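This report describes the fold of a single chain, from its overall form to selected local features. The structure is shown first.

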Amino acid sequence: MSRHYKGDRILSLYLRMLDGESIHKLNYTLEEGVTPRTFDRDIQTLRNCLSEHYLGVEVLYDKARDSYRISDLPTAGSLSFVEGYLLLKALLHDQILRDDEIAGLADSILPLIRGPDRKALQEIFQGDILRYVSPPHGQALMKLMEDLLLVIRKQQKICLRYDLGAGQHKKNVLPLALEHGENEVYFLFSVDQDGGGAAIELSKIHSFTLLSAHFSMDENLRMQQEEMSRAIQNGLQENYKIKEMI
């Protein structure tokens, strides 16, 4: 007679497999005092439960060892089919990055897709990636985005160099945020702690240098940033473009 209720046995099975243990049928029936038929039913119940909850794992049978184990768990950072689909769809639709950057991101995303879904997703997007057209500015933006996000996080003042009209300009600014508009990413900043905010397309930024001073993201700056972000999201970025500050 079994020493545990069915629910306890199944939970115990799952936890042992989760720890990497292979469960040998004969040994388990002796340990738990159950018949082989009861063991088979427990395994099937566990399989049904894992399937119903879409956990991305299953119970596998090792015929050579007459034992059962759990399949490899999705590793940290892995993506489901729909997560990968939505990411790639958004990247292609935004048309913000250059074609080589899109191809590189796809190469980074696809290996994270679980199991056979990876090949299916690759087949769906292969043609779209090959046909992708870079935005008119033709500039690589990912490294600049990475550098700007770092100074935004550190709240460090910078000297911004940017192209506007026929010439290049520079201005000391407080970096606030990056915001996505239609086919563009905008860098949001303030000239000083109490001054008004402005925005510029990343494609117009030539470079920037770090200044020694840091700043505090107070309520005034936070309100500036939120107001500019809302404007850009609503297509009103012209209200904040840097040309108005020259």
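Which residue just after H2 takes a positive phi? In this predicted model, Gly33 does so, with a phi of about 70°.

## Overall form

The secondary structure of the chain consists of eight helices and eight strands. The radius of gyration is 28 Å, well over the 18 Å that the globule rule gives for 246 residues, so the chain is more spread out than a compact globule. Along the principal axes, the C-alpha trace spans about 85 × 45 × 30 Å.

Of the 246 residues in the chain, 37% are buried. The chain exposes about 14600 Å², and carbon and sulfur atoms account for 53% of that area. Among contacts between residues at least 6 apart in sequence, 62% join residues at least 24 apart.

## Helix H2 and its surroundings

Helix H2 covers residues 25–32, and its buried residues are Lys25, Tyr28, Thr29 and Glu32. Seen down the axis of H2, these residues fall within an arc of 100°, so they line one face of the helix. The face turned away from the buried side carries Leu26 and Leu30, both of them exposed.

The cover over the buried residues of H2 includes helix H1 (6–18), strand S1 (23–24) and helix H3 (36–52).

## Strands S1, S2 and S3

Strand S3 (residues 67–70) pairs with S1 in the antiparallel sense over two bridges. S3 also pairs with strand S2 (residues 59–62), again in the antiparallel sense, here over four bridges. Tyr68 of S3 takes part in both pairings: Ile23 stands opposite Tyr68, and Tyr68 is the bridge partner of Tyr61.

S2 and S3 form a hairpin with four residues between the strands, in which Asp66 takes a positive phi near 50°.

## The largest nonpolar core

In soluble globular proteins, nonpolar side chains tend to be buried together. The largest nonpolar core of this chain has 33 residues. Those with the most contacts inside this core are Leu148, Ile158, Leu160, Leu178, Phe187, Leu202 and Ile205. Helix H7 (residues 142–154) gives the most to the core, with five residues.

Not counting residues up to four places away in sequence, Leu202 touches Leu141, Leu144, Met145, Leu148, Leu178, Glu184, Val185, Tyr186 and Phe187. Leu148, Leu178 and Phe187 are also among the residues with the most contacts inside the core.

Notes. Residues numbered from 1 in each chain as written. Predicted model: local features only at pLDDT ≥ 70, side-chain atom pairs only at ≥ 80, totals over all residues. Heavy atoms only, no water. Core = buried A, V, L, I, M, F, W, Y, C linked by side-chain atoms within 4.5 Å. Buried < 20%, exposed > 50% of the residue type's maximum accessible area, 1.4 Å probe, protein only. Contact = heavy atoms within 4.5 Å. Arc of directions from axis to C-beta. Pairing = 2+ DSSP bridges. Rg over C-alpha atoms; globule rule 2.2 N^0.38 Å. Areas by Shrake-Rupley, 256 points an atom, 1.4 Å probe, with all protein chains shown as cover.
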